[in-house]
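Hi,

Here is the structure I promised to pass on.

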Amino acid sequence: MRSFLSIGVLFLTCVLGAGSALGGVPDADSWEIDGEHSTVGFRIRHIVGFVPGVFARFSGEVEYAPAAPEKSQFYILIDSASVHTGVPARDEHLRGPDFLDVEKSPRIIFASKSVSKGEGNVLYVTGDLTIKDVTAEIRVPVKVLGVAAHPFKDNFPDTKVLGLHAQFSINRLDFHVGEAKWTQMGVMGETIDLTIDMELLQR
């Protein structure tokens, strides 16, 4: 996990310049993803049912400003090869050229460009999503579940925990994932539903 995160930090440092990976946003706090208590899940229609799955390896950085959420920033890296649906043969197919093509495109990347506040505790995060050879702008509703002091104070002194939840959908064809004929044949849908639950730590 740490080596994967270091790739993202190095990439961002080169792109955004000196300072923190997200540029050291004024009035915003830096948070790191707690991978042991976070999940990146998905599901897609198969004939008349749904096939669920997860990406087991991911990392990222978040700058979150509770008092000024429009100053928040999000950067997420997902290891494409970590796709897992519970069926090894299917997972290997998903890693291949027909779908994620992990040899050529080892990472799925999301980098926010703007954040606006919605009703209640919802943020609308607009950013670029890169899958395979396509980068497209998407808008993700992110629910802020709260901020709390870490209860295990001996192991996590002076540590805060931030909870985030997001549900949104993308069209797989927009990102060259699979072929259109499979939908036409009734084998699989075009829409991929994603659910992201994350706990993040501020030490």
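Is F42 buried or exposed? F42 has 12% relative accessibility, so it counts as buried (buried is under 20% relative accessible area, exposed over 50% and partly exposed in between, with a 1.4 Å probe and protein chains only).

Before the rest, a word on how to read this. The model is predicted, so local features need pLDDT of at least 70 and side-chain atom pairs count only at pLDDT 80 or more, while totals for chains, interfaces and linings use all residues. Residues are numbered from 1 along each chain as its sequence is written, and side-chain values use heavy atoms, with hydrogens and water left out.

**The overall layout**

The chain has three helices and 11 strands (DSSP runs numbered from the N terminus: helices are H or I with at least four residues, strands are E with at least two). Along the sequence, their order is α-β-β-β-β-β-β-α-β-β-β-β-α-β. Of its 203 residues, 44% count as buried. Among contacts with a separation of 6 or more, 58% are between residues 24 or more positions apart (a contact means heavy atoms within 4.5 Å).

**Aromatic rings and their neighbours**

For a pair, the ring centres of Phe, Tyr or Trp (its six-membered ring) lie within 6.5 Å; planes under 30 degrees apart count as stacked, over 60 as edge-to-face and the rest as tilted. The ring centres of F42 and F55 are 5.4 Å apart and their planes meet at 45 degrees, so this pair is tilted. It links distant parts of the chain, with F42 in strand 2 (residues 39-46) and F55 in strand 3 (residues 49-55), 13 residues apart. F55 is buried too, at 9% relative accessibility.

Two arginines sit over rings as well. R43 places its charged end over the ring of F50, 3.8 Å from the centre, and R139 lies over the face of Y124, 4.0 Å from the ring centre. The criterion here is that NZ of Lys or CZ of Arg is within 6 Å of the ring centre and within 35 degrees of the ring normal.

**Strand 4 and its partners**

Six of the seven residues of strand 4 (residues 58-64) are buried, so the strand is largely enclosed by the rest of the structure. Strand 4 runs antiparallel to strand 1 (residues 29-33), and four bridges join them; S30 has E63 in strand 4 as its bridge partner. Strand 4 also pairs with strand 5 (residues 73-79) in the antiparallel sense, over six bridges, and G60 is bridged to I76 of strand 5. Strands pair if DSSP finds at least two bridges between them.

**The nonpolar core**

The largest nonpolar core has 43 residues, of which F55, L129, I131, I170, M198 and L200 touch the most other members. Strand 11 (residues 188-202) supplies the largest share of this core, six residues. Such a core is a set of buried Ala, Val, Leu, Ile, Met, Phe, Trp, Tyr and Cys residues joined through side-chain atoms within 4.5 Å. Leaving aside neighbours within four places in sequence, I131 is in contact with L100, I108, I170, F175 and V177.

**Loop residues to look at**

T159 is in the loop between strand 9 (134-149) and strand 10 (160-171), and at 5% relative accessibility it counts as buried. The T159 side chain reaches the backbone oxygen of F156 at 3.3 Å. Beyond its neighbours within four places in sequence, T159 has contacts that include A148, H150 and L201.

R172 lies in the loop between strand 10 and helix 3 (181-184). R172 is buried, at 1% relative accessibility. Not counting residues up to four places away in sequence, R172 touches I44, W182 and E190, among others.

Finally, a backbone point. Most residues other than glycine have a negative phi. K132, which is not a glycine, has a positive phi of about 55 degrees; K132 is in the loop between strand 8 (122-131) and strand 9, and counts as buried at 16% relative accessibility. H176 also has a positive phi, near 60 degrees, but counts as partly exposed at 41% relative accessibility.

Best wishes

Terms used: Polar contact = N/O pair within 3.5 Å; in protein donor to acceptor, adjacent residues only side chain to side chain.
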